[in-house]
Structures are given as structure tokens and as C-alpha cells.
Amino acid sequence: MQNQNLLLNNAIATADAVAALFGPRVEVVVHNVSKARISYIVNPLSHREVGDPSNLEEIDFLPSDTVIGPYEKINWDGQLIRSISVVQRARDGSAPFLICMNFDQTDLQTAQRAIQALLPTGQSSSRPEALFRKDWHERVNKFVTDWCNARDMRVDALDRSSRKDLVLSLEASGALSEKHAAAYVARVLGVSRATVYNDLKKEVDE
């Protein structure tokens, strides 16, 4: 236990240091692998909070694994996130904690569109499947992004009617069946969890 507390304290210190160095465009998340929960988060760009599920239950680290990535994923607002994960190992070789650093590339992408040669082009890094087997956050993010793109809308500029349509579409897709999903969707849409449930209730009443 003492060793795990030391590892957690070191992971938290690392998270704070990375965030201080790279600023608010880098989110750093410390996952408790055994509890499958977020233990600490700095610059929560993903709208996640301490205590939220990590969706890392099925990770099976190899003895040689220390750094996973970099890899790419989609954030709640449709922006591309470039990530890398560092395995925190105990003396017995177990991996109780995982530090994930997520870099929001919005500013770089904007510059890339303005100056095509600013960023090198190339094939995107493949995503490590072990990190995405149960990542419903990623599935919700992709659904919301695709839904908004199909309607030429921005998730942070939806009116009440469009928001309700999106919530109902998420429900129909099964995205809200996951535990804590409604709370996450509420944070993505910038409303309360009660508002999300109210949108669903109105549809039932109607």
C-alpha cells in the first residue's frame, strides 16, 4: 500500500509538472488501473472528472510495456487529440497506475490549414486496441461529432431543439446505457444531467 501511495504521489507530481510545462492545451490524467477510475486530472479538456470510469478494465500490459503510443483519438468537440500513456509500475512488476497525456491539436490544425507546410503529413498512428476496447467516451465523442458534422452544427452552439434531438439520437444508439454516460454527455453539451434526463422524459411523455 505504501508503495502504491508513493507511485500515486509521483504520478500526480508528474501530471502537474507536464501541465505546468505545456499549458492548458495538454490534459494529464492519472488512472487507477485496479479500480478502473480516474484518480487525478489536470486541464480536463475531455470533460472528465476524478472518480469517472477509466474504461481500461481489459488492459493487459506486457512486462516490457512502459510507454504506449503516441496515438490519436477524438475529443468531445470533434477536435483531434494526440495522446501518449506511461505505465507506472510497482516493485512487484504490477501496473497500478497509468498516466495519459492528451494534447489538443486545435491550434496546430488551424495553423496547418492556414500554412499547409507547417505540419508534416503522414499516416496517423494506429490506436492501441487495449486502450479502446471499452472506451465509451470515445464512442460518444465520435457519435456527437458525426451527428453535428452531418447537420453542419457545432456541439457548443446547439439550440434547445437540436440538443434534444442529439440526446434522443444518443439514447437510440444505446450510448446512454453506460454507467455515468448521462453525466458525461451533459458535460459535453454544457447542460446539467437533469436537463439530459428531462429531454428524454419529455420524449416518453409525448
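In this predicted model, strand 1 and strand 5 run antiparallel and are joined by 7 bridges. Within that pairing, Val 29 has Cys 100 of strand 5 as its bridge partner. Strand 1 also pairs with strand 2, again in an antiparallel manner, and here 5 bridges connect the two; Val 30 stands opposite Tyr 40 of strand 2. The hairpin that strand 1 and strand 2 form has 4 residues between the strands, and in this hairpin Ala 36 adopts a positive phi near 55°.

Strands of a sheet pair through backbone hydrogen bonds, and the pairing may be parallel or antiparallel. In this model 5 strands make up an open sheet with the order 2-1-5-4-3, and the pairing is antiparallel. Strand 2 (37-42) and strand 3 stand at the edges with a single partner strand each, so one side of each has no neighbour in the sheet. On average, neighbouring strands of this sheet are turned by 25° against each other, with direction ignored. Between strand 4 and strand 5, which run antiparallel, there are 8 bridges, and Ser 83 stands opposite Asn 102 in strand 5.

How many of the residues of strand 1 are buried? The strand is mostly covered, with 7 of its 7 residues buried.

Leu 8 is found in helix 1 and, leaving aside residues up to four places away in sequence, touches Val 30, Ser 39 and Phe 97. Leu 8 and Asn 32 are 24 residues apart in sequence, while their C-alpha atoms are 8.6 Å apart in space.

The next topic is empty space, which shows up when a probe the size of a water molecule is rolled over the atoms. A search of the whole structure for cavities of 30 Å³ or more finds 1, and the largest cavity holds about 260 Å³ of space. Its lining comprises 23 residues, of which Arg 48, Lys 73, Asn 102, Asp 135 and His 137 are the closest to its centre. Strand 1 (26-32), strand 3 (67-74), strand 5 and helix 3 (136-150) are the elements that give two or more residues to this lining. By class, the lining of the largest cavity divides into 10 nonpolar, 8 polar and 5 charged residues.

The second largest pocket has a volume of about 150 Å³. Its lining consists of Val 18, Phe 22, Val 26, Pro 70, Arg 82, Ser 83, Ile 84, Met 101, Asn 102 and Phe 103, and the elements that give two or more residues to it are helix 1 (2-22), strand 4 (80-88) and strand 5 (97-104). Divided by class, the lining of this pocket has 7 nonpolar, 2 polar and 1 charged residues.

Terms used. Residues are numbered from 1 along each chain as its sequence is written. This is a predicted model: local features need pLDDT of at least 70, side-chain atom pairs count only at pLDDT 80 or more; totals for chains, interfaces and linings use all residues. Side-chain values use heavy atoms; hydrogens and water are left out. On a 1 Å grid over the protein atoms alone, a cavity is a set of points where a 1.4 Å probe fits but cannot get out, and a pocket is an open set with protein on both sides within 12 Å along at least five of seven lines; lining residues have an atom within 4 Å of a point. Grid points are joined across faces, edges and corners, and a volume is the space filled by probe spheres set on the points. Ala, Val, Leu, Ile, Met, Phe, Trp, Tyr, Cys and Pro count as nonpolar, Asp, Glu, Lys and Arg as charged, and the others, Gly among them, as polar. Contact means heavy atoms within 4.5 Å. Two strands pair if DSSP finds at least two bridges between them. Axes are lines fitted to C-alpha atoms, for helices over the stretch in contact, and angles run from 0 to 180 degrees between N-to-C directions. Buried means under 20% relative accessible area, exposed over 50%, partly exposed in between (1.4 Å probe, protein chains only).
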